[in-house]
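Please keep the 3D view open as you read.

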Amino acid sequence: MSSAVASHEIDNTRDDPTRRAQLILGGQDFHTVTEMVAGIPEQERINRNWWFAFTLAVSLAGMFGLNIAYLFWEGTGIWGNNNPVGWGWPIVNFVFWVGIGHAGTLISAILFLLRQQWRTSINRFAEAMTIFAVVCALVFPGIHIGRPWLPYWMFPLPNQMSMWPNFRSPLLWDVFAVGTYGTVSALFWYYGLIPDLATIRDRAKTKIRKFAYGVFSLGWTGSARHWHRYERTYLILAALCTPLVLSVHSVVSFDFATAQLPGWHTTIFPPYFVAGAIFSGFAMVVTLAVPARAFFGLQNLITLRHLENMNKIILATGMMVGYAYSMEFFIAWYGANEYEGFTFFNRAFGPYAWAYWIMVSCNVISPQLFWFKKIRTTPWMMVIVCIFVNIGMWFERFVITVTSLHRDFLPSSWGYFSPTIFDIMLFVGSFGLFFTLFLLFLRWLPVVAIAEVKAGMPAAHGHHEEHGHEAEGAATHG
Amino acid sequence: MNTQPQYWRTLAELENAPELQEFLAKEFPDAATTELSGSSRRRFLQLMGASFALAGAATGCRWEKENILPYARRPEGLEPGTIRYFSTGMELAGAMQALQVASYDNRPFKVEPHPRHPFAQGGTDAYAQASMLELFDPDRSGTYLDKNAPSTAEGFATFARQQFQAAKATGGRGVRVLARASSSPSMGRLKQQLMAEMPSAKWVQWESLSRDNAMLGSKLAFGSNHRTHLDLKAAKVIVSLDDDIFGSHPARLRLAKDWSSARKPDDGVMNRMYVVESRYTSTGAAADHRLPLRSEQVKAFSIALEGAVKAKLGMGAAPAKKGFLAEGKASKWVDAIADDLVANKGKGVVTVGAGQDADIHALGHRLNSLLGNAGATVTYTSFADREAEPAAFKALVDEMQAGQVDTLVILGGNPVYDAPGDLDFAAAMAKVKTSIHLGLFVDETAKLASWHVPMAHYLETWGDGRTWDGTLTIAQPMITPLFNGMSALELVAMMAGDFTAKPMELVKASAMAAVAALTPPPAEDAAAETPAAEAAPAEGEAEAAPAQQDLELETARQALAAFKAGFDWRKTVHDGFVAGTAFPTVVPALLDFSVAAPAERAFKAGADLGNGELEVVFYEDGKVYDGRFANNGWLQETPDFMTKLTWDNAAVMSPATAIKLGVTDRDLIKVAVGGKSVDLAVYVQPGQPTGSIAMAVGYGRTAAGIVGGYKTKGYEQVGFDVNPLRRHDALFAVEGAQVTKTGGTYKLATTQTHHMIDTLGLAAIQKRAPNLVRAASAEEYAKEPEFAKEMDHEFHHKLSLFEEMDWGKGYQWGMTVDLSNCIGCNACVVACTSENNVPIVGKDQVLVGREMHWMRIDRYFKGDSEDPVIAHMPMACVHCQNAPCEQVCPVGATMHGTEGTNDMAYNRCIGTRYCANNCPYKVRRFNFHNYNEDLKDPKNKVKTMVFNPDVTVRFRGVMEKCTYCTQRIHYAKRTAKVEGRALKDGDIVVACQAACPTDAIVFGDINDKNSQVSKKRALARSYEVLKELNIKPRTLYLAQIRNPNPALAEA
């Protein structure tokens, strides 16, 4: 018996039908969890490596800013966009980042509603990633327009000229969908942070820290009334977020699906985009969580079981995406539309075949490796697979956007798109922005939801005697 | 030290600013070099104006502040804000094109066809359209140059007085004038005067694209110089032997018009055209049958054709066919054409291209004579004898080399660039003591000349000339010379000693003389003018050169006669022509002559030619002509009809030739012929005869300007100079070319993916093209009139998500494009560029697919890659009633007008480019950069004058596209409203429609059932492109109907 317990302690990825798996390892109690998480922002000096990463990220973010400044100065022409290919990398990046920004809210909201307790270790992390991804995503539609100083014309702002946006345009729907999603996600994230911010405030040793965390914890005292209201609101926000998870990428997919361009004009896009978004979002969470947990010593909070669960989702959504790819081809053939048929054939065997096959190898073939438990549970291996997934998902958006545009109805207007150095720098720079925000988050905020993790620990349930023993009673769903 | 803003204190201080110096040099060419002594009020104002202009340019704000002043006293007849049209004409290589120029407040901005000219019957060419940009080209020369140092008009006058006085003293010994071909009677008269003053001087005429083989042919056939006129309206069968009648014939507009008017499939009127040609021309694309042959093969083919015709006419047995003529297509062709010609005796036309030898031209005359076409569909006018241009030019170069030329006056040409490779004009010019170059630009020749004189543009000065039929056409100036230029008339008058000649007076005198000649002279004078002399004007000159006194007397007599005949100068200028001045036609008697047998090699099929035996043909590509329009961005950026090349020429060869030579598209090759070689890039073009390489002339200029390349100023040359391969006796084709790959590739900017595309794409094009450009034979059309509509993809549910407007009310604009008539001449493309202020983006931007043309001509190849058929269609916004672009714009910048147009609000556009993505025709154009940024440069200020003031100049980041010339619609509506009436059909002529020589484009109100456009739309062969998308375009296409010969039907 004790050996079984021990093996659970060491390897919580083992499924034993008689018991629930442990989600928090290392014999943690409430105090050690607090210490572990709150200890990170409380460090006086942070590791050199953080500084190194931060400097790199800020430099890239600076490059991003300079690129945008040059873009304002010179115009859209600095990119590779051309006549048939009106949308290039900026839109690809936009959809890519919005997709990345799916995992967080999915984990926080849907898994919360489904009472998936394992979410608690990663939800803060994933939500932060979501928000930063949405920030990156929102930059692109703003700057990709020809006159980037005028994106506010897309908002329904009352004005003396009675100029009003066109509600028939999917781009306008985008404004609302992504805007709502970003707002609600940020709200949800911040709301979840309040009890933890209060914890750090209470432990603060300097005036400035006390003040800063004090302001943001909004006078949280931890009273039962606060907790009650907090739980209720959190539930409502989760319920609000849930449809948004599905809607935002559905609406983004409408940008393509409601256009009449062959290769865009397909009804499969909304579910296909949502599955792809979850796929890429989880891949990004894993890519970031593995180094972060090693860096901050959070292996006992973000355990292999968490990672494995995410990898399983990646495997599942990867297959959905694969299904969508094949179904697109089937419909293109079955629909017998000359133009659509050509577009798909051209994707796979035309001038952009290389991009198509990168996409298929990364998105359909590479996640299949997660059938092997060894790969699913070995951090460095899963990171490699997840990076492939992220590459593949970027290429998926590239393939959809560019290969459909470059050869449409009239062959006289066919063309070829090649990115310029500015396209590349802008894309790389957006990672700089993302990592800058993310590293600041890691440095100054609790990266794991302390209160929620504690709620999921056996210790939270008074009737335990020896943790792990009363697994059925404890809320350690896995 | 002094941080206060610097105010200029003295004019001298201001004068030192280098940018001001540069500005002045451009804007006030004389002012820049003359000493600023004192401060006259006029000079002060000029300088202030200049500094304000600089200040405005330097601030770099988006909206420049500009002060405009109203007239204190309005000139009579000037109504601000209304367009006025003035008659004028543009002469190119000795043929006048009658034009009207639209002018706003005395600023010309658009070239239009002449609506009433007896010869010009609608349409203009791309050159004429683009001449507006040439007029306002900031690179134009504005300074007299004395050995490349700035001088003044006075300086030149002083020099000229001395020089020509001295020349006169010797009777003009060693004086040579090198002129371009001219049909101007005024120039002819001045030339006579000059020759009377300087009997030893010589006048040499030179055109790099000389058509004098035709003249030599007529001399061979008839014994004297005759010009051939084709009546394509009456012709049933047209056989072109390497003659690009729609592309490079001086009468191309009229020929195209006549051809199209005899091609009305709906009325059952169809001519038939066979084209045998040495490269793929637009004439070949329009033909019912096309046979690609090398230039030398055309000769063999022509001889065989004559033999076959003679045999059919019972004049002996047909000669045995050999070589390529004995097998395959060519063999069938000889008999089929001969049959067709004989069956249509008196209703056929055989025409021979300028690149063919003189004896083939003579053979053409003989064929027309044998077939009874001469006098019916083919007529002649006679001219005085003259030496052929190439021979005269060579003689001149030889004289120059021998040091026999003291004074060389070059009237507007650029022989240093365009002389063929066997004549080293530059070296010869160095041996001339004094050379004077009159030109629009400081070009290759100007740089080597001792004097350069800026020339006035044809829109800046008076001129005259004759259209191809001989009608005297008056060119009046639209604006005072912008760059202080002088006209060729003035310079020749100066040479003859007249320093005060007024071009207007000269032109007026010519018009008077022409009117006087129309009225029969009194009986006692009749002896002086024989009918023969009247019938033989020498392309602008009378036959004999009478003495000076006689001339004056003659002038006075003509003035009197003209006065009696009711000559009205104002009316003549207003009309722009003198009616009844067309040359009288004659049918000269045919002489006996023999045609030299072609070389043995000519009988070889192209595939059998080895490297070293290849043929190179040189052609005019409809853009830069012989190089004179090289600095014209509108023309450089116009895609060649066939190759879709912009900003370049190339070695155009067929796929088979390329495979044989082991080269592919964009490879750099060296082509060597007879010891001379040029390096250029390969362009693979299906339909080019195998074994032959076609090269457009006029590229590779080293001193054209910022647009066309200027080596010493660091502007790269555009394209490749192929003149070194040409010979004065072989201007259009040379044999025995050796091709070697030099390694490396070259970027060619095409606006359409072309032949070298992946097989997947090629297969899709083959599948789609017949459905996009629908075509049938006349026979099929008669049997199945609705064939075009039947090709529509079936769709049953015509659902629209949105409520449609009521299209039954008011004006509803629509357009039809008749594919049977389109010849791909590009006039519409350039006209649209001019009318709508479409920017030029340059080669780099075309390379990445960002050309801005609102109108383009799509072309697809069908069938065999060695001998394909071209399907082409002009394409611009089709104004969908269920427009996909309108639905996706988030800010509503593109919306539907109540008159059915799809409108663009540039101010509202933020540039999401979603509309362009969703446009199935891909006709929307996006301003990726600020393509008008060069206008900030003060020296480009003159360029702003070319803009149509009715059309917004778009900023970067904004989408644009065809508006159906909305400014013209509104202008016409305003005019009608002022006149208190409704619009009539024909009140609105859109720019592309106006420029179209074949009336392929028709625009109008589709609610008016009697309008032209409604009638065209109602035709059985009208169809919507991409109808299956249910987007309801307003532009309908009329399917192309060809009239193939059943005997040549493909198996």
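How many residues does the contact take from chain B and from chain A? The contact takes 43 residues from chain B and 45 from chain A, where two residues are in contact if their C-beta atoms, placed from the backbone, lie within 7 Å.

## Before we start

This is a predicted model, in which local features need pLDDT of at least 70, side-chain atom pairs count only at pLDDT 80 or more, and totals for chains, interfaces and linings use all residues. Residues are numbered from 1 along each chain as its sequence is written, while chains are lettered from A and ligands numbered from 1 in the order in which they are written.

## Where the chains meet

On the side of chain B that touches chain A, the elements giving two or more residues are α24 (759-772), β34 (856-862), α29 (884-888) and α30 (914-918) of chain B. Helices (H or I, at least four residues) and strands (E, at least two) are DSSP runs, numbered from the N terminus. The most comes from α24(B), with six residues.

By type, this side of chain B has 21 nonpolar, 14 polar and eight charged residues. Here Ala, Val, Leu, Ile, Met, Phe, Trp, Tyr, Cys and Pro count as nonpolar, Asp, Glu, Lys and Arg as charged, and the others, Gly among them, as polar.

## Chain A as a whole

Chain A has 17 helices and zero strands. Its C-alpha atoms fill a box of roughly 75 × 55 × 40 Å along the principal axes. A compact globule of 478 residues would have a radius of gyration near 23 Å, and the 24 Å of chain A agrees with this; the radius is taken over C-alpha atoms, and the globule rule is 2.2 Å times the number of residues to the power 0.38.

Of the 478 residues of chain A, 49% count as buried, which requires 20 or more other C-beta atoms within 10 Å of a residue's own, with C-beta atoms placed from the backbone. Among contacts in chain A between residues at least 6 apart in sequence, 79% join residues at least 24 apart.

## A four-stranded sheet in chain B

Now look for an open sheet in chain B, with the order β13-β12-β9-β14 and parallel pairing; two strands pair if DSSP finds at least two bridges between them. Its edge strands, β13 (289-292) and β14 (348-352) of chain B, each pair on one side only.

Strand β9 (residues 237-241) of chain B runs parallel to β14(B), joined by five bridges. Along this pair, B:V239 stands opposite B:V350. Helix α12 (residues 358-370) of chain B packs on the sheet and touches β9 and β14 of chain B, with its direction at about 175 degrees to that of β14(B). Axes are lines fitted to C-alpha atoms, for helices over the stretch in contact, and angles run from 0 to 180 degrees between N-to-C directions.

## Enclosed pieces of chain B

Strand β17 (residues 434-439) of chain B has five of its six residues buried, so it is largely enclosed by the rest of the structure. Five bridges join β17(B) to the parallel strand β16 (residues 407-411) of chain B, where B:I410 stands opposite B:H437. Four bridges join β17(B) to strand β18 (residues 451-454) of chain B, also in parallel, and B:I436 has B:W451 as its bridge partner.

Two helices follow. In α10(B), 14 of its 18 residues are buried, and after this helix comes B:G314, with a positive phi near 75 degrees. Helix α27 (residues 827-835) of chain B is largely enclosed, because nine of its nine residues are buried. Just after α27(B), B:N837 takes a positive phi of about 55 degrees.

Notes:
Buried ≥ 20, exposed ≤ 12 C-beta atoms within 10 Å, placed from the backbone.
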